[in-house]
Amino acid sequence: MRIESRKMQISSWEEAEALAGRLDAEDDLAEFRGKFHLPRDTNGKFKTYMCGNSLGLMPRVTTQRLQQHLETWGQTGVEGHFHGKEAWLTIEDATSTLSSNIVGAKSPLEVVYMNTLTVNIHLMMVAFYRPKGERFKVLIEQKAFPSDDYAVQAQVKFHGHDPESAIIRLRPREGESTLRTEDILGTIERERDSLALVFFPGVQYLTGQVLPMAAIAETASRHSIPVGFDLAHAVGNIEVFLHDWGVDFAVWCSYKYLNAGPGAVSGVFLHEKHAHNKELPRLAGWWGYDRKSRFQMNETFIPQPGAYGFQLSNPPVLASVPIVSSLELFEEAGITNIRRKSEKLTLYLETLLLKFVGSEIEMLTPLNPEERGNQISIQLKRANLQKVQSFLESVGVVCDIREPDVLRISPVPLYSTFHDVFSVVKCLSDAIQKQGLHN
Ligand SMILES: *Cc1c(COP(=O)(O)O)cnc(C)c1O
């Protein structure tokens, strides 16, 4: 049994489990698991949770922090706007500041939490999708998350264009599951005179592929094409450097890897180069108004600089507090340490999958650690997805399926152990071997 920097070698289940034990023992982030509520079955037995890419688990501290705000509300009513640790009037400062490191913002001015993800795609497209003459097309991926695709279609139609001609959907090459960098950049180059916006995910939700964000931003910017990213599966999962990459805008939700709870408020990044551009079209609201004079209730709209100027309403405090308590854990652990553990966890997962069920699956996720986050997506070659899923459920493994044959497994460095990963692959192997599972 050897652990090289990139490769792990395992020849039996016993060796695999022993290696998990060693890796868990030397895990610097091991203490963080205890800071989360871990789901259990009706007998009180812990489940093996591999679904943080869909809904992150709840930090224990969140209960107490929410309770504090409920008490403030109950005991002081409107006073809560002005007093307390996160006074409601400026609660967006707490979430912005705590996120700067995680998204590679230069200053908190570049980040704001508001609304929910799809709403923010629309708001940012209002600012950055400004078709003019021959430049009216949007470049997205063929397998974009449906909500993103619907939003782009709606925006294109809103400007009087036909989605058929105005949306370029880039697909992987025949027989491949992920997009090639040269194909993405080549398309931008080729369509440079027709593109009004380039909009890609940071991490593709189905395949787990990390898109080459820096190169996409560089190429699009060179031709003065605005570029935005949907980081729903990227923030809290991989390291991103949005400011340095020159990304115009990015949006993400905070209930996946950010563990901020169902429907929690979404994040927006707006590059500093646009911070003082009052000409950017925006759907304005009073919370985006200059803070110092907001309550003078003037008619003329004066935006706050940066992402803050795009806020519409006063923030949903009870949906923002869990972001603060969760981001504090990220700060304590450090995003670089989180990513380092994540790479190991996923390499361990990959190694076990290839060793023990390799002939039964197709890997959709790139094998290169730099081209993936923590998620590995596999396609079942013969086994029936529904039956595999029911078996996994029956033994307490929670992971996510996409019809007709894709299983997404997502070990999360803040709360998953190497032994969890071992259990998942062992159960998956049992599931596939069970009689009657084949179609
Ligand atoms: C999860 C996810 C969404 C969800 O959108 P909501 O507006 O939060 O419901 C949208 N886009 C992508 C890429 C996602 O991964």
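Select aspartate 27: is it buried or exposed? Aspartate 27 is buried, with a relative accessible area of 14%. Buried means under 20% relative accessible area, exposed over 50%, and partly exposed in between (1.4 Å probe, protein chains only).

A word on the source: this is a predicted model, where local features need pLDDT of at least 70, side-chain atom pairs count only at pLDDT 80 or more, and totals for chains, interfaces and linings use all residues. Residues are numbered from 1 along each chain as its sequence is written, and side-chain values use heavy atoms, leaving out hydrogens and water.

Aspartate 27 and lysine 341 form a salt bridge, with the closest N and O atoms 2.7 Å apart. (A salt bridge is a side-chain nitrogen of Lys or Arg within 4 Å of a carboxyl oxygen of Asp or Glu.) Lysine 341 is also buried, at 8% relative accessibility.

Next, select arginine 291 and aspartate 93. Their side chains meet in a salt bridge of 2.7 Å, N to O. Arginine 291 is partly exposed at 29%, and aspartate 93 is partly exposed at 24%.

Move on to lysine 106 and glutamate 272. This salt bridge has its closest N and O atoms 3.2 Å apart. Lysine 106 is exposed, at 54% relative accessibility. Glutamate 272 is partly exposed, at 33%.

Then select Arg173, Glu176, Arg180, Glu182 and Asp183. Salt bridges that share partners join these residues into one network.

Last, show every salt bridge. The structure holds 26 of them.
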